Amino acid sequence: MGSSEAEKPLRRIAASFEELAAVAKQQPPGAMDAAAFSHACSNVSVLFGYLGIAFKFAEMDYVAKVNDLLEASNSVSTLPSMVELDIQKDTVRTVGSHTRNLLRVKRGIDMVKVLFEKMLVTEGNSLTYAASVAYAQVFAPHHGWVIRKAVAAGMYALPSKSQLLKKLNEDEESAKAQLQNFVRSSAPVIRYVEDLFTSRNLGIDW
């Protein structure tokens, strides 16, 4: 039972994003299914939990916003229609709106992508460099001094790379393939969500 796919979160994450990437890469891009997107993003939640106290804020925020999108997907079938509804109601930037939550979930996916990119090119067993770069690049510009300080302090409590891989039931070699799969498949999905915003002049830096 130890090798079952259910116990290998990295494989589940990579596979679900490969399905989304196929939609994102269509020309013109297809209308991405809101439920499929939300379920794929919910698979990523476990990673934030495994990163410990440094990313506790991200885990809580990310999980809450993914849950909102999952709930919304019961009544709104695609991501473009979700955004359009908020535009019509003039609630795009309202706290708690699905569009605002979508932007924050996209940021969480972006952070994991950068983390994996850095893990793939960093020697040694420490995650500090990879996690610090990912945080600085994606989250830090949107956080105040207090959160940035708390994250910096929490970086000392990060698991080692081998500890993280053990929690994910992967060895270095098998994990490498899954990290690469996620980096490759998440890129067009991130771009797709960003295009949803920029094509409607909503901006993505708020």
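Asn 201 is found in the segment after helix 9. Helices here are DSSP runs of H or I with at least four residues, numbered from the N terminus. This is a predicted model, in which local features need pLDDT of at least 70 and side-chain atom pairs count only at pLDDT 80 or more, while totals for chains, interfaces and linings use all residues. Residues are numbered from 1 along each chain as its sequence is written, and side-chain values use heavy atoms, with hydrogens and water left out.

Stay with Asn 201 for a moment. Its phi is near 55°, a positive value in a residue other than glycine. Most residues other than glycine have a negative phi, and most peptide bonds are trans. Asn 201 counts as exposed, at 72% relative accessibility. Exposed means over 50% relative accessible area, buried under 20%, and partly exposed in between, with a 1.4 Å probe and protein chains only.

Asp 90 also has a positive phi, of about 60°, although it is not a glycine. Asp 90 sits in the loop between helix 4 (79-89) and helix 5. With a relative accessible area of 68%, Asp 90 is exposed.

Now turn to the helix pairs. Two packed helices are described by the angle between their axes and the distance between the axes. Axes are lines fitted to C-alpha atoms, for helices over the stretch in contact, and angles run from 0 to 180 degrees between N-to-C directions.

Take helix 5 (residues 98-121) and helix 9 (residues 172-198). They pack at about 150°, and their axes are 9 Å apart. That makes helix 5 roughly antiparallel to helix 9, the term for angles over 145 degrees. Helix 5 passes helix 9 in a left-handed crossing. Left-handed means that the near helix is turned anticlockwise from the far one by less than a right angle. By class, this contact between helix 5 and helix 9 has 15 nonpolar, three polar and six charged residues. Ala, Val, Leu, Ile, Met, Phe, Trp, Tyr, Cys and Pro count as nonpolar, Asp, Glu, Lys and Arg as charged, and the others, Gly among them, as polar. On the helix 5 side, the residues include Leu 102, Ile 109, Lys 113 and Phe 116. On the helix 9 side, they include Lys 176, Phe 182, Ile 190 and Phe 197. Contact means heavy atoms within 4.5 Å.

Helix 1 (residues 9-24) and helix 2 (residues 34-50) form another pair. Their packing angle is about 155°, with axes 9 Å apart. Helix 1 is therefore roughly antiparallel to helix 2. Their crossing is left-handed. Helix 1 contributes Pro 9, Arg 12, Ile 13, Ser 16, Phe 17 and Leu 20. By class, the contact of helix 1 with helix 2 has 11 nonpolar, two polar and one charged residues.

What happens in the loop between helix 1 and helix 2? The peptide bond from Gln 27 to Pro 28 is cis, with omega near -10°. Gln 27 is exposed, with a relative accessible area of 73%.

Met 32 lies in that loop too. Is Met 32 buried or exposed? At 0% relative accessibility, Met 32 counts as buried. Beyond its neighbours within four places in sequence, Met 32 contacts residues including Leu 20, Phe 37, Pro 80, Val 189 and Tyr 192. The C-alpha atoms of Met 32 and Pro 80 are separated by 7.4 Å, although these residues are 48 apart along the chain.

Ser 38 belongs to helix 2. It is buried, with a relative accessible area of 1%. Not counting residues up to four places away in sequence, Ser 38 touches Val 66, Leu 69, Leu 70 and Ser 73.

Val 66, Leu 69 and Leu 70 are among the buried residues of helix 3. That buried set also includes Glu 59, Lys 65 and Asp 68. The buried residues of helix 3 pack against helix 2, helix 4, helix 5 and helix 6. The 17 residues of helix 3 should span 24 Å at 1.5 Å a residue, and the end C-alpha atoms are 24 Å apart, which agrees. The expected span is 1.5 Å times one less than the number of residues.

Helix 6 (residues 128-139) passes that check as well: its 12 residues should span 16 Å, and its end C-alpha atoms are 16 Å apart. Its buried residues are Ala 130, Ala 131, Val 133, Ala 134, Tyr 135, Val 138 and Phe 139. What covers them includes helix 3 (56-72), helix 5 and helix 7 (145-154).

How values were computed: Helix = DSSP H or I, 4+ residues; strand = E, 2+ residues; numbered from the N terminus. Parallel < 35°, antiparallel > 145°, perpendicular 65-115°, else oblique.
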